[in-house]
Amino acid sequence: MSRNDSESLPTPPDRSEVAARRVELLISTLLRVGVITSLTVVAAGTLISFIHHPSYVWSPAKVQRLTRPGAAFPRTLRQVYDGVLDLRGQAIVMVGLFLLIATPVMRVAVSVVMFAVRRERVFTAVTAVVLALLLLSFALGRAGG
Amino acid sequence: MGGELMTPFELTIIEFGIALGAGLLGSLLGLGGGIIVVPALTLLLGIDIRFAIGASIVSVIATSSGAAAAYVRERMTNLRVAMLLELATTSGALSGAYLAGVVGGRWLYLIFGIVLAVSGVEMLRKQREPHPAPAPSDAWADRLQLHGQYFDAAAGREIAYRVGRVRLGFVLMYIAGVVSGLLGIGSGVLKVPAMDLAMRLPIKVSTATSNFMIGVTAAASAGVYFARGDIDPFVAAPVAMGVLIGATLGSRLLGRLQSLVIRIVFVLVLLGVSLEMLLKGLR
């Protein structure tokens, strides 16, 4: 804890360097695949909703009717699930958006495992708490609605 | 303009266009798209600020994850600092997103106006101070092995750096998280200075690390907005796609805008929009 001993701290061993690189590439790939997949689903859902509702293209409505609080779109996981079974565009969009939100969550889950394997207790705990907070966010949103 | 009649198709196209422009402009100026897209959606289209924020937070995840994927590959990101500070930003984001459901829309406009003004000042600051002062010794940074190195393309070699003032950085990151959750922006304008000014990370590492953390911070808020029903697919889908494509185009086609004149003009625009948001909050 003295101010001068920091220079002499050991650096992590070399073999962990290779493992660290592998983890970096895994994280990088995970993020890229997550973003591309989810936005593809979002685009598909948007397209399907216009195919199902041709009137969307020519029948005007107040912007606020679509975008005000209380506008009709699937909100709960249950509604999204039922909507997807009926191939409803908006529900598929919601699945895509959900996948997008899940992408960083997956990344944190990977980090927890990474630190646990390396036996870094502090960082395992830190990332595990972050993961718990992310999962808690869904519960919090429902309670605070 | 808010009461205009529009078909859902037209609305989708216009939202997409606005988001594309916001993403493009954001990446050219080194800001996120959120800080541009929320005022554009609310002031131009009259969309409810909560839905604008819900759409923005989702687009923030897309752009930051896309950029982070590249930065991590280039080893520009300090993963240990990022994962430690994510503890602060996610707690902050949860508080902020929760608060956003409790406080009225008027407060959201006011706070957004203030953050826009701060962003304008921050953009001017980025022009100076390329070499931060060395970090004061920090016991936490030593114990958690936060120090790192990165390859600096301009210098053509690896540059090692030391991290300091971890606790101060942690507090600032909590605040950045609250703002992010409250306003649906990545709040990189607060995260970057927390790292380069307070913790003394090099500016390039600060930017890359901020980008990496923004995805997780935004996911925490997005979870709350999603569960609360504030993510409207009619707004969020075109906005997420538009901002991502705009930001990708911006980073691929052109470099960062270097001209001081353009930056100053943009800062003035930011301050103008800030004023507009403040007035809307006061009315």
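User: What share of the 283 residues of chain B count as buried?

Analyst: In this predicted model, 59% of the 283 residues of chain B count as buried. In soluble globular proteins, nonpolar side chains tend to be buried together. Here the largest nonpolar core has 116 residues, and those with the most contacts inside it include A:Leu39, B:Val37, B:Leu146 and B:Phe212. Helix α9 of chain B, residues 203–228, gives the largest share of this core, with 14 residues.

User: Which residues is B:Phe212 in contact with, leaving aside its neighbours within four places in sequence?

Analyst: The partners of B:Phe212 come from both chains, among them A:Ile27, A:Leu31 and A:Arg107, together with B:Ala68, B:Val72, B:Leu79 and B:Met83.

User: Which residues make the nonpolar surface patch of about 410 Å²?

Analyst: That patch is made by B:Leu168, B:Val171, B:Leu172, B:Tyr174 and B:Ile175. B:Ile175 lies in helix α7 of chain B, residues 166–183, and counts as partly exposed because its relative accessible area is 43%, whereas buried would require under 20%. The buried residues of α7(B), by contrast, include B:Val166, B:Gly169, B:Met173 and B:Ala176.

Notes: Residues are numbered from 1 along each chain as its sequence is written. Chains are lettered from A and ligands numbered from 1 in the order in which they are written. This is a predicted model: local features need pLDDT of at least 70, side-chain atom pairs count only at pLDDT 80 or more; totals for chains, interfaces and linings use all residues. Side-chain values use heavy atoms; hydrogens and water are left out. Patches are made of residues with over 30% relative accessible area and no salt bridge: like charges are joined within 9 Å, nonpolar side chains (Val, Leu, Ile, Met, Phe, Trp, Tyr) within 5 Å. Accessible areas come from the Shrake-Rupley method with a 1.4 Å probe; for residues, only the protein chains shown count as cover. A salt bridge is a side-chain nitrogen of Lys or Arg within 4 Å of a carboxyl oxygen of Asp or Glu. Helices (H or I, at least four residues) and strands (E, at least two) are DSSP runs, numbered from the N terminus. Buried means under 20% relative accessible area, exposed over 50%, partly exposed in between (1.4 Å probe, protein chains only). A nonpolar core is a set of buried Ala, Val, Leu, Ile, Met, Phe, Trp, Tyr and Cys residues joined through side-chain atoms within 4.5 Å. Contact means heavy atoms within 4.5 Å.
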